[in-house]
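Dear colleague,

I am handing over the structure below, and I would be glad if you read my notes with it open beside you.

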Amino acid sequence: MKELIDKLYKEKMLSREEFRLLLDGRSEETASYLFEKARIRQQENFGHDIYLRGLIEFTNYCKNDCLYCGIRRSNANAQRYRLSEEEILDCADKGHAYGFRTFVLQGGEDPYFTDDRICRIVAELREHFPDSAITLSIGEKPRKSYQRYFDAGADRYLLRHETASQALYKKLHPASQTLDNRIRCLYDLKDIGFQIGAGMMLETPYQTADDLLDDLFFLKELDPDMIGIGPFIPHKDTPFRDCRQGSLELTLYMLGILRLMFPQGLIPATTALGTIDPLGREKGILAGANVVMPNLSPTPVRGKYLLYNNKICTGESSAQCYNCMTVRLRSIGYQTVKSRGDSPRAAKRQN
């Protein structure tokens with residue numbers, strides 16, 4: 001396995017058969033070697049700096065009905081909310097004071113937030129925080145909507161593809177949602193000029209090793225600036241409520257692989273990692289991740305934005321989230337930085 005890791009470290013890509021061997025043959029020894037190589041690439045490109053993203057979960061209304069998601073349209077038990085424009089700006093104002101220079105507006109696909117409303121919010125954030133990056137994560141839209149968001153001042157767009165397998169995508173979503181449209185969105189966003197983020201869930205119901213290989217090859221073709229992956233965690237009010245949770249072990253292993261494939265990629269250690277293991281985010285950083293996303297949403301609504309069970313940090317204030325993450329990262333030899341945290345590749349494109 002070390003030979004395959006060395007080849008991936010050098011060439012940033014393997015054949016399908018080689019990737020399969022690397023996944024099937026993983027062990028503690030193999031993982032340790034992979035993480036060692038991943039940290040070399042991580043620190044060559046980013047030193048010991050970890051970029052902060054201030055997450056503002058501004059609506060949990062959603063028109064979609066994804067079978068795995070706790071805010072799916074059919075979940076009658078979800079406590080719905082929307083933040084006002086003033087509340088969103090207040091979250092960003094507090095985050096900016098703590099040192100955040102990227103704000104991620106994340107929400108369900110909520111028809112209330114029309115293009116006009118989104119553009120107004122983006123423009124106000126751009127005016128108030130000219131030194132900060134604005135990221136949107138609000139789902140599938142027509143190209144003309146994405147163009148309007150970009151023109152209003154948005155810099156980045158996160159849209160996890162979830163899976164690159166057509167067959168698996170159909171098992172995770174209703175027929176009205178298609179993988180073809182989701183991929184169309186990602187290429188539209190990239191063509192417009194957004195820094196784009198894609199990514200997938202690991203160990204969802206029905207997922208196979210071949211599906212994960214499809215993901216790796218799709219990501220290589222798409223070549224996104226950001227890649228967010230995380231373990232599947234069931235939600236009690238979805239059809240997958242009784243399905244097995246994804247593992248920390250595979251998620252960390254895939255983080256290491258992705259760091260070697262994308263040395264300059266922005267790869268978060270997600271909240272989901274911290275949910276399945278108390279030190280999950282720290283372990284994610286040590287496997288090659290270089291981004292964390294503390295929550296800036298108002299405390300009263302955090303427990304309502306539940307995509308999966310047992311989400312952590314729902315009762316903490318923004319200051320507590322920031323301070324906690326800063327201390328945690330320092331304990332493993334890393335530091336948070338007051339920076340937009342653009343990917344090196346994106347910076348080169350802009351120049």
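Helices (H or I, at least four residues) and strands (E, at least two) are DSSP runs, numbered from the N terminus. This is a predicted model, in which local features need pLDDT of at least 70 and side-chain atom pairs count only at pLDDT 80 or more, while totals for chains, interfaces and linings use all residues. Residues are numbered from 1 along each chain as its sequence is written, and side-chain values use heavy atoms, with hydrogens and water left out.

Which residues of α8 are buried? They are Leu179, Arg182, Ile183, Cys185, Leu186, Asp188, Leu189 and Ile192, where buried means under 20% relative accessible area (1.4 Å probe, protein chains only). These buried residues pack against α6 (143–152), β5 (156–158), α7 (166–172), β6 (195–198) and α9, with contact meaning heavy atoms within 4.5 Å. Just after α8, Gly193 takes a positive phi of about 125°.

I also looked at the pockets (on a 1 Å grid over the protein atoms alone, open sets of points where a 1.4 Å probe fits, with protein on both sides within 12 Å along at least five of seven lines; lining residues have an atom within 4 Å of a point). The largest pocket is lined by 16 residues, of which Asn77, His235, Lys236, Gly303 and Leu306 lie nearest its centre.

Best wishes

How values were computed
Buried means under 20% relative accessible area, exposed over 50%, partly exposed in between (1.4 Å probe, protein chains only).
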